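Please look over the sequence and the model shown here before reading on. The briefing is meant for a reader who has not seen this structure before.

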Amino acid sequence: MSHAPFIWAAYSIGAVVLLWCAVAPLVHKKSITRDIRRLIQIEESSRDSNS
Amino acid sequence: MSAQVAGGSLSGAFFALLRRDLLLAFRRRTELLFPVIFLLVVISLFPLGIGPSPQLLARIAPGVIWIAALLATVISLDALFRSDFEDGSLEQFVISGHPLTLISLAKIVAHWLVAGLPIVLLSPLLALWMNLPTESLGVMILTLALGTPILSLIGSIGVGLTISLKRGGQLLSLLVFPLYVPILIIATAAVMAASDGLPYTQFLGLLLAGLITSVTLAPFAAAAALKISLS
Amino acid sequence: MNTKTAKIAKPRKNALVMFIHKMGSPPWFYNFTGKFIPWLWLIFGVLAAWGLYLGLVKGPADYLQGESVRIIYLHVPAAWMSMLIYSTMAVMAFIALVWRIRIVEILAMTSAPIGAAFTIVTLTAGSLWGRPTWGTYWVWDARLTSELVLLFLYLGVIGLYNAIDEPRKAARAACLLSLVGAVNLPIIHYSVKWWNTLHQGSSISLLGGSSIDASILWPMLIVAVAAKFFYAANLLTRARVKLLEQDMRKGWVRDVLKEKN
């Protein structure tokens with residue numbers, strides 16, 4: 001039996017899982033910074049309208 | 001304060017709580033029966049799913065009975081602290097100044113008497129259904145008698161951690177089943193060894209060691225878990 | 001921000017104690033780790049490329065296991081990492097529960113998904129190695145079975161952490177669970193190992209029997225070291241994001257974001 005497909009499959013699944021593991025926090029960070037920016041904007045606009 | 005409640009009143013509190021829990025459980029008799037009925041139903045599904053061959057059933061009997069016992073324990077575990085958590089009496093226990101470890105231990109003992117002991121008492125019937133060889137029936141009962149208290153003890157930690165969740169029951173099974181793996185392995189190995197006419201006392205010794213260790217450690221962990229959940 | 005760190009540093013203490021104190025402060029931790037995360041990724045990349053080149057391109061096939069031995073450079077370092085990360089998580093969980101340091105809580109909890117990822121890699125690589133060697137994808141081999149239980153333990157910690165809404169309470173509960181798991185893990189490991197010999201499981205192990213050839217060992221060790229850098233970089237990245245998320249309404253997060261613009 002040829003072993004190559006199994007080696008390729010093992011390494012590509014490993015790469016996908018670890019890549020996802022590495023990228024997931026970056027994606028999460030992007031959405032969080034967007035939320036924080038929006039929060040700052042809302043606070044600033046409410047402060048402007050108050051003054 | 002804790003110095004004043006030392007000695008007699010500590011055990012007094014323990015037994016008072018134990019009696020209260022047993023009384024409450026006895027008042028809700030039908031609920032008490034659910035895990036037992038569950039156990040019977042699950043066991044009866046196996047011959048239906050696998051086929052009635054006596055040899056096959058005898059072969060898988062220890063594993064099937066033990067897995068059913070694990071499942072029945074886990075579905076009854078949620079009741080361990082749930083009602084006391086919801087009506088606020090758990091917080092009252094904490095305020096009372098009695099060590100939470102003692103309170104946890106009393107509730108664990110009550111849980112075993114209500115949910116674990118019936119499994120042990122029912123096991124001859126289950127063994128009969130599963131065609132377990134009569135010479136290993138005694139070992140089966142012994143493993144259940146030694147093992148089900150460990151299930152209640154370890155389970156109490158999981159319940160303490162998930163008690164503040166609305167739907168903690170589903171998560172609870174994920175938390176405790178991996179921890180039950182060694183008990184399942186050792187207990188079924190003991191029964192299988194007895195069926196094959198091999199020595200089995202060492203497995204019972206391991207279960208006893210597990211019971212002693214978990215009695216000394218689990219109430220502390222359960223108390224710590226409850227403290228986190230109540231914070 | 002500067003005045004805050006100065007206040008903490010006022011009593012004279014040795015450099016290490018001061019460093020630990022500083023790491024406990026979220027803005028300091030955020031800025032400090034941000035500086036060397038790229039370097040950790042770089043070292044990981046170089047070491048992983050080097051180790052895999054030695055193992056996959058230059059290395060020989062094993063005379064017993066054939067080409068499939070090349071999965072070892074992924075499977076074994078991942079298996080080591082899955083266990084190492086669990087024990088680091090448990091140690092950090094202990095520290096977090098005793099001293100209630102928030103950064104350590106976060107580090108312990110962000111370890112869990114990384115550990116779970118390595119466990120998944122171990123399991124898939126192991127079963128893909130098993131197909132050509134044992135003839136089936138899954139054998140209830142002692143190593144694979146205890147990795148599977150380890151995965152369940154990780155999933156329990158992650159599940160509990162995500163189920164509780166209040167972040168500090170969630171972290172403390174999940175930390176306690178990971179400690180309980182750590183106490184049980186050796187028992188689980190040995191009972192599974194013993195269970196396997198009892199039921200006469202598979203005898204060929206991925207790590208071979210007695211001695212491993214140096215041509216296999218060295219690339220494997222290099223990849224294993226690379227995996228540690230992956231863990232460090234990934235852990236710090238995740239912890240920084242978690243800090244941003246938890247401190248969304250605090251001043252230092254605003255300062256950090258403004259600095260970037």
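This is a predicted model: local features need pLDDT of at least 70, side-chain atom pairs count only at pLDDT 80 or more; totals for chains, interfaces and linings use all residues.

Residues are numbered from 1 along each chain as its sequence is written, and chains are lettered from A and ligands numbered from 1 in the order in which they are written.

**Chain A**
- Chain A has one helix and zero strands, where helices (H or I, at least four residues) and strands (E, at least two) are DSSP runs numbered from the N terminus.
- Chain A is more spread out than a compact globule, because its radius of gyration of 22 Å is well over the 10 Å that the globule rule gives for 51 residues; the radius is taken over C-alpha atoms, and the rule is 2.2 Å times the number of residues to the power 0.38.
- Along the principal axes, the C-alpha atoms of chain A fill a box of roughly 75 × 10 × 5 Å.

**Chain C against chain A**
- Here 28 residues of chain C are in contact with 24 residues of chain A, contact meaning that the C-beta atoms, placed from the backbone, lie within 7 Å.
- On the side of chain C that touches chain A, α5 (102-134), α8 (214-246) and α9 (251-260) of chain C each supply at least two residues, and α5(C) gives the most, with eleven.

**Chain B against chain C**
- In this interface, 20 residues of chain B are in contact with 22 residues of chain C.
- The side of chain B that touches chain C draws at least two residues from each of α7 (137-162), α8 (168-195) and α9 (201-230) of chain B, and its largest share, ten residues, comes from α8(B).

**The largest nonpolar core**
- Among the 159 residues of the largest nonpolar core, B:I65, B:A225 and C:L176 touch the most other members; such a core is a set of buried Ala, Val, Leu, Ile, Met, Phe, Trp, Tyr and Cys residues joined through C-beta atoms within 7 Å.
- The most residues in this core, 17, come from α5(C).
- Leaving aside neighbours within four places in sequence, B:A225 is in contact with B:I157, B:G160, B:L161, C:A173 and C:L176.

**Residue B:R20**
- B:R20 lies in helix α1 (residues 8-27) of chain B, and it counts as partly exposed because it has 15 C-beta neighbours inside 10 Å.

Technical notes: Two residues are in contact if their C-beta atoms, placed from the backbone, lie within 7 Å. A residue is buried if 20 or more other C-beta atoms lie within 10 Å of its own, exposed if 12 or fewer, and partly exposed in between; C-beta atoms are placed from the backbone.
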